[in-house]
Amino acid sequence: MGILEWATSPSGQRVPIHIAWFLIYVALMVGLVFLVVHAIYVRYFADRKEFTAESSARTLAQLPARIPRHSLAARLFHWIMAAAMFVLLFTAFLPKVGIQFNWVTYHWVAGAVLTLSVLFHIVHATFYLDFWSIWPDRADLEDARKRLQRFMGKPTALPRKFAKYPLENKLYHSVVILTGLAVIATGICMMFRVRTLFFPRNPYLFSDMTWGMMYVLHGLAGVSLITLTIVHVYFAIRPEKLPITAAMIVGSMSREFYLKEHDPDRWVIKPLSNPQRGLSDGD
Amino acid sequence: MAVIRDVMPAFQLYQPTSVADAQRLLEQNREDALVLAGGLDSMDWLKDRIRKPKVVVDLSGIAELKGIRTTNDGIAIGAMTTLTEVLRHPVILEKYGLLAQAAELVASPQIRNQGTLGGNVSQDARCWYYRAGWPCYRAGGNICYADTPVGRNREHAILHAERCVAVNPSDTAPALIALDAKFVVATPKGERVVDAEDYFVGPDLDITRMNILRLGYLLTSIRIPATWASAQFYFEKVRDRNVWDFPLMNVASAVKLSGGTIQDIRIAVNAVAARPLRLKNVEDSVRGKARTAATGEAAGKLSVQGAVPLQFNAYKIPLMRNLVKRAVGGVEEASWAS
């Protein structure tokens, strides 16, 4: 049983046509196993988080009661993208597991929404937000090494608190970028194969082999997103992460949580023009 | 692609004598099995070596699938009843002439002698890209070769195309829909009875199937209720040659008149989409109206709303408009100028 389905093209060439659909179940199982293993680890084996010394009193005095984390535009992007992603996953895979409905139109419309929202996010994050805050940096890697060594029982200095985003969050974002861009790029090309508002139907845009590889990449990225979505939802509802999840709804987190998890020197909160409001120009 | 014609691949032939045995064989062999009714569709697949089943289950020996019976509420036609038997049956000729007209226009006398009613409604699409074994959507692939800037699609769909643009080629299907027939399907979980229009599946729901039959399912009979017995019927089939041809389009209607007014109507067309279409919007629009040329004209225009022609089948839009116009107007109006 291969992971790809193959067919013979009219010219006699053996070409892949899509992934084998059992990978849907594999992706589901990987996601579920991950969350079970992680939950057991956190419950029974994980040590309490330890970080280096607290921040200075001067820094603390300048902090508002609510720490701005996500602007309204950033939150809207996140939830629109999330809605589009769920529609895409359900419309893509439910028919493959036997739930039949007219899925194609919903799928490409959701794909168009996802594409537009991601384009918006790229421009917004590049020019209006702290672009580098979501990318792993040297400090993240050094701290990850320290945490790993401490986990293995080796005496090592304490890691620093996180910047705006923990390393795990940054890595997840990077993986989602790769898979997301893969499904978007291939999905846009695949829209030439169905009737949409955008292009005339033309399946001869690429060779059979190129199309086949495109479908395979779209499928692999798609099933990967099943696992990634399960993992994302799991972390969003974990009790210790709820303040972060709430920040994606209300835009801010409490000063206490910020000080507990984040390093004010690495995630600098700008002084407020109106301290009463508690929100400034965070992203 | 090299096609070896007339030399069928080897397979195990089973000839069960009961529906239960046939179902058991189909369940045992699952994807490896092919159901053989009259064989007029299946033999093409076998001789072209596009389908190479390990097992063929021939239904011709199952007596319970054959024959026409009158019931308390109409008639029941066994799925393996030949088209010739259908079109010659006195009760069908007297009360359900629409079906007899449709059956008589299927292919040629020889084919009608061998072909069955169940096979006619359950036959596969005739799109040549699909029949040639190309990996199109309907064959489980990811492309429609017919709906392209250069695809040959003169015979293909103008309505409800969803990736696949093949059409359903059955002549009897629209007649059965117009007669409000019920299809009886034996499934592993027991008997299931569905309305004729619900027996057919479009590519929006399942692109690899033309009907609801799945592994272990068998169409056993078709029941026609007396509701539309002896109504006014209209059937017309347009094809490239007068015998031995699939429809470019066909239309069937059953009309109940009260004076000159359309009291009730059922109308269906085929070869315009991947499943025969019951035109409910047309039915609703003409019900209660006088059966006049103007009513037929309006019905024809309504019927083609939303139609999208492909590169080479734009003619199907005026064709459908006119067929529906005549089907609503009835035989007397069939000579209207288009």
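A: Strand β8 of chain B (residues 218–224) has 7 of its 7 residues buried, so the strand is largely enclosed by the rest of the structure. A residue is buried here if 20 or more other C-beta atoms lie within 10 Å of its own, exposed if 12 or fewer, and partly exposed in between, with C-beta atoms placed from the backbone. Strands are DSSP runs of E of at least two residues, and helices are runs of H or I of at least four residues, numbered from the N terminus. The model is predicted: local features need pLDDT of at least 70, side-chain atom pairs count only at pLDDT 80 or more, and totals for chains, interfaces and linings use all residues. Residues are numbered from 1 along each chain as its sequence is written, while chains are lettered from A and ligands numbered from 1 in the order in which they are written.

Strand β5 of chain B (residues 74–78) is joined to β8(B) by 4 bridges and runs antiparallel to it; two strands pair if DSSP finds at least two bridges between them. In this pairing, B:I75 stands opposite B:I224 of β8(B). Strand β6 of chain B (residues 182–187) is also antiparallel to β8(B), and 5 bridges join the two. Here B:V185 stands opposite B:L219 of β8(B).

As for chain B as a whole, 15 of its residues are in contact with 18 residues of chain A, contact being defined as C-beta atoms, placed from the backbone, within 7 Å.

Notes. Two residues are in contact if their C-beta atoms, placed from the backbone, lie within 7 Å.
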